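Reader: Hi! Could you walk me through a couple of packing details in this one?
Author: Happy to, let's have a look together.

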Amino acid sequence: MFTDIPAAATPSPLYVRFTNGRIVRGLELVSSDVWIDIRAGVICEGPRASINAAEVHVVDLHGRILAPGFIDIQINGAFGFDFSSVDCVANPEQFKQGLYDLNQRLIQTGTTSYLPTMTSQFSKIYHQALPFLGPTGAERNAALGAESLGAHCEGPFFAHTQKGCHSPEAILCLGNSSEPDLLLEVYGSENLISSSSKTTSRVKMITLAPERAGALDSIRMLSENGITASIGHTAATYEEAVLGIKAGSTMVTHLFNAMNQLHHREPGIFGLIASSKDRVFNDQTGLADDGRPYFGIIVDGIHLHPASVRLAYNTHPEGMVVITDAVMFMGMEDGSYEWTNGQRTVKQGMTLKLEGTSTLAGSGIDLPNSLNNLLRWTGCSIPEAIKTVTMTPAAVLGMSHVKGSIVSGADADLVVLDDGLDADGFTTISIREVWKFGTPVYSSG
């Protein structure tokens with residue numbers, strides 16, 4: 001089913017109408033038409049006055065699912081490209097081309113928007129790379145591929161004991177300080193604070209440990225500037241993590257990974273997603289509907305056991321954001337590769353580890369496969385699974401009005417899905433088509 005809009009039609013189509021499909025609306029699949037205003041690239045209510053039939057391009061979904069485009073808020077690279085590559089300094093044109101090529105391939109996975117995520121780096125790399133990684137949607141150009149909503153800086157303000165695969169040199173050189181002035185120095189104030197009310201920050205999210213000196217003040221500063229502060233790579237106790245949420249953090253980075261684990265006397269970070277709003281976060285805004293923080297989770301079966309994913313989902317389904325945490329080796333052959341800061345990574349299937357160690361080094365999974373794992377391991381419905389990569393990440397980023405939902409006025413970023421059962425009888429989905437700003441950009445058929 002390839003649905004190119006006719007280029008030579010007279011008059012040219014003004015609208016697209018999807019019909020005969022199952023539409024993801026909230027937690028339900030409903031039968032209704034969906035209209036797109038082609039010129040604006042947004043979902044609309046449909047024309048009220050009668051119009052010429054030639055002005056409407058009709059797409060018959062043949063019973064398939066129409067869902068919002070997927071949003072990945074933590075992806076470090078893919079298809080051989082690393083968002084933290086030193087090429088941003090040594091060869092900016094090569095970095096720019098690599099980013100373009102990634103966007104062309106990433107959108108084929110249904111990921112229409114994402115946060116290009118940088119691992120812990122020295123200041124010079126942030127200053128050079130972030131100008132390339134800021135929001136790209138202002139042009140509303142579907143030909144650019146997947147859209148950056150702003151960068152996610154994962155590090156380097158981490159607990160020294162919870163660095164994971166990140167460069168120890170980039171983390172340790174900062175001591176234990178996370179003062180606001182230091183964040184501005186490391187990332188560049190021009191990358192954190194927008195120059196006018198008409199522009200947005202190049203950075204959309206920062207992961208940091210709330211127990212470090214000055215971190216709570218930095219969380220407040222980030223929140224005031226519209227940047228999501230996420231708790232991660234942390235040795236914080238439950239009480240220290242609560243202070244981070246009260247300071248303005250609304251998110252937890254890859255729950256369970258790179259943090260103290262749940263203990264019956266010290267629940268640590270996991271305790272945040274079990275907290276009751278009227279006891280802990282009564283005065284907080286920007287949290288999930290029931291007053292708990294959102295949390296990212298890697299659903300590759302390697303970072304977490306399926307039972308841990310099920311536990312997290314059953315505890316706080318409204319807050320779950322499925323992320324890939326993919327690195328540049330996603331989509332590449334197995335082998336040993338040079339990675340960031342001179343480190344080497346060994347790829348075997350979906351498993352990625354720092355060479356010579358048991359330390360996991362990101363993932364090699366994409367969002368459709370992550371969702372199929374979630375469907376299998378939790379027994380959730382297709383709309384419930386899709387919510388974790390659409391409505392929920394859009395809410396985390398404060399972008400629910402334009403991303404993550406099929407509602408009038410939202411960007412027409414859409415995926416057409418086939419669904420069925422695998423050999424074991426579990427529900428699966430696969431990408432059939434991808435639309436960006438109301439334009440078809442990929443078809444598997």
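**Strands and helices**

Author: Let's start with a residue pair: Val346 stands opposite Lys353 in S21. Keep in mind that this is a predicted model.

Reader: Okay, and how many bridges join S20 to S21?
Author: Four bridges do, and the two strands run antiparallel. Strand S20 covers residues 344–348.

Reader: Which strands form the sheet, and in what order?
Author: Three strands form an open sheet, ordered S19-S20-S21, with antiparallel pairing. At the edges are S19 (335–338) and S21 (351–354), each of which pairs on one side only. On average, neighbouring strands here are turned by 25 degrees against each other, ignoring direction.

Reader: Nice. Switching to helices: at what angle do H7 and H8 pack?
Author: The angle is about 30 degrees, and the axes lie 8 Å apart. H7 spans residues 215–224 and H8 spans residues 238–247. Angles under 35 degrees count as roughly parallel, so H7 is roughly parallel to H8.

Reader: And is the crossing left-handed or right-handed?
Author: H7 and H8 cross in a right-handed way.

Reader: Which residues meet there?
Author: From H7 there are Leu216, Ile219 and Arg220, and they meet Leu243, Gly244 and Ala247 of H8.

Reader: What's that contact like by class?
Author: The contact of H7 with H8 has four nonpolar residues, one polar and one charged.

Methods:
Residues numbered from 1 in each chain as written. Predicted model: local features only at pLDDT ≥ 70, side-chain atom pairs only at ≥ 80, totals over all residues. Heavy atoms only, no water. Axes fitted to C-alpha atoms, helices over the stretch in contact; angles between N-to-C directions. Parallel < 35°, antiparallel > 145°, perpendicular 65-115°, else oblique. Left-handed = near helix turned anticlockwise from the far one by under 90°. Contact = heavy atoms within 4.5 Å. Nonpolar A, V, L, I, M, F, W, Y, C, P; charged D, E, K, R; others polar. Pairing = 2+ DSSP bridges.
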